[in-house]
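Here are some friendly exercises on pockets and packed helices. Take a look at the sequence and the structure, then work through each task in order.

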Amino acid sequence: MSIFFITGTDTEVGKTFISCALLERARLDGLSTKAIKPIAAGCQLTENRWQNEDAILLKQFMTEACHYAEVNPIALQSAIAPHIAALEEKTSLTAALVANHCQHLINNSSLDLTLIEGAGGWRVPLNNEETLADAVKHLEVQVILVVGMKLGCLNHALLTAEAIQSDGLRLAGWVANTIDPEMSRFQENVDTLKTLLKAPCLGVVPHLSGSETLIATGSAYEVPSYLSRCAARYLSLEALI
């Protein structure tokens, strides 16, 4: 069983988008999959429970059927930093709590691929002493980095990779996800990352947009689902599995 933690160079760089695409790539390769988003900040009240649209999408793409709470055990209402959202809801977050949620689900699984999607970037705080990286250290799993391709991504990617290494964890691979379709010297930036990041590039995903037909359907998940399936063809799992 292969287990990877998905982090990003920043928030809104496409962690869920790439996680879904990796799950789809694995499904097309005949692999069984599961995904976990242990913390989600920014939820809506759905079916008498707080749910996050990213976690719903992950649930849609994995091959193993399970309850929503298994995918997203910690659902916070406000779309803000998780530790602040937790304080507002009079609850607390710890690295051990997050790791225990993940470990319980991992222990009960014998799948080919399990992805654990983070919240924000590598050093997002859980409390005044711990970050989400501390939970990953508890789990001792390998890391996949989603690099949001835009101006400044080289610095963000290299600093994140250094932080992962300094925490004693292995960067198993990275994905270049195009955030800015007008990014200057795009290929030169990708080539620089391929030289400086000491991990395989799992794929370069271009900027994708949903068609007007899909948008007109009114489904909150049909467009990102369509895009994730398109993105899957740009990815390879050969370096991981």
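Helices (H or I, at least four residues) and strands (E, at least two) are DSSP runs, numbered from the N terminus. This is a predicted model, where local features need pLDDT of at least 70, side-chain atom pairs count only at pLDDT 80 or more, and totals for chains, interfaces and linings use all residues. Residues are numbered from 1 along each chain as its sequence is written, and side-chain values use heavy atoms, with hydrogens and water left out.

**Exercise 1.** Find which helix gives the most to the lining of the second largest pocket.

*Solution.* Start with the term: on a 1 Å grid over the protein atoms alone, a pocket is an open set of points where a 1.4 Å probe fits, with protein on both sides within 12 Å along at least five of seven lines, and lining residues have an atom within 4 Å of a point. Next, list the lining: Leu158, Ala161, Glu162, Ile164, Gln165, Leu169, Arg170, Leu171, Leu196, Leu197 and Lys198. Helix 7 (residues 153-166) gives the most, with five residues. Finally, sort the lining by class (Ala, Val, Leu, Ile, Met, Phe, Trp, Tyr, Cys and Pro are nonpolar; Asp, Glu, Lys and Arg are charged; the others, Gly among them, are polar).

**Exercise 2.** Describe the lining of the largest pocket.

*Solution.* Begin at the centre: of the 39 lining residues, the closest to it are Glu12, Gly14, Thr16, Glu53 and Asp54. Then look at the elements that each supply at least two lining residues, among them helix 1 (15-28), helix 2 (53-61) and helix 10 (222-232). By class, the lining holds 21 nonpolar, 12 polar and six charged residues.

**Exercise 3.** Work out how helix 2 lies against helix 1 and against helix 10.

*Solution.* Axes are lines fitted to C-alpha atoms, over the stretch in contact, and angles run from 0 to 180 degrees between N-to-C directions. The axes of helix 1 and helix 2 cross at roughly 5° and come within 9 Å. Angles under 35 degrees count as roughly parallel, over 145 as roughly antiparallel, 65 to 115 as roughly perpendicular and the rest as oblique, so helix 1 is roughly parallel to helix 2. For helix 2 and helix 10, the angle is about 55° and the axes are 11 Å apart; this pair is therefore oblique. In contact (heavy atoms within 4.5 Å), Leu57, Gln60 and Phe61 of helix 2 meet Pro224, Ser225, Ser228 and Arg229 of helix 10.
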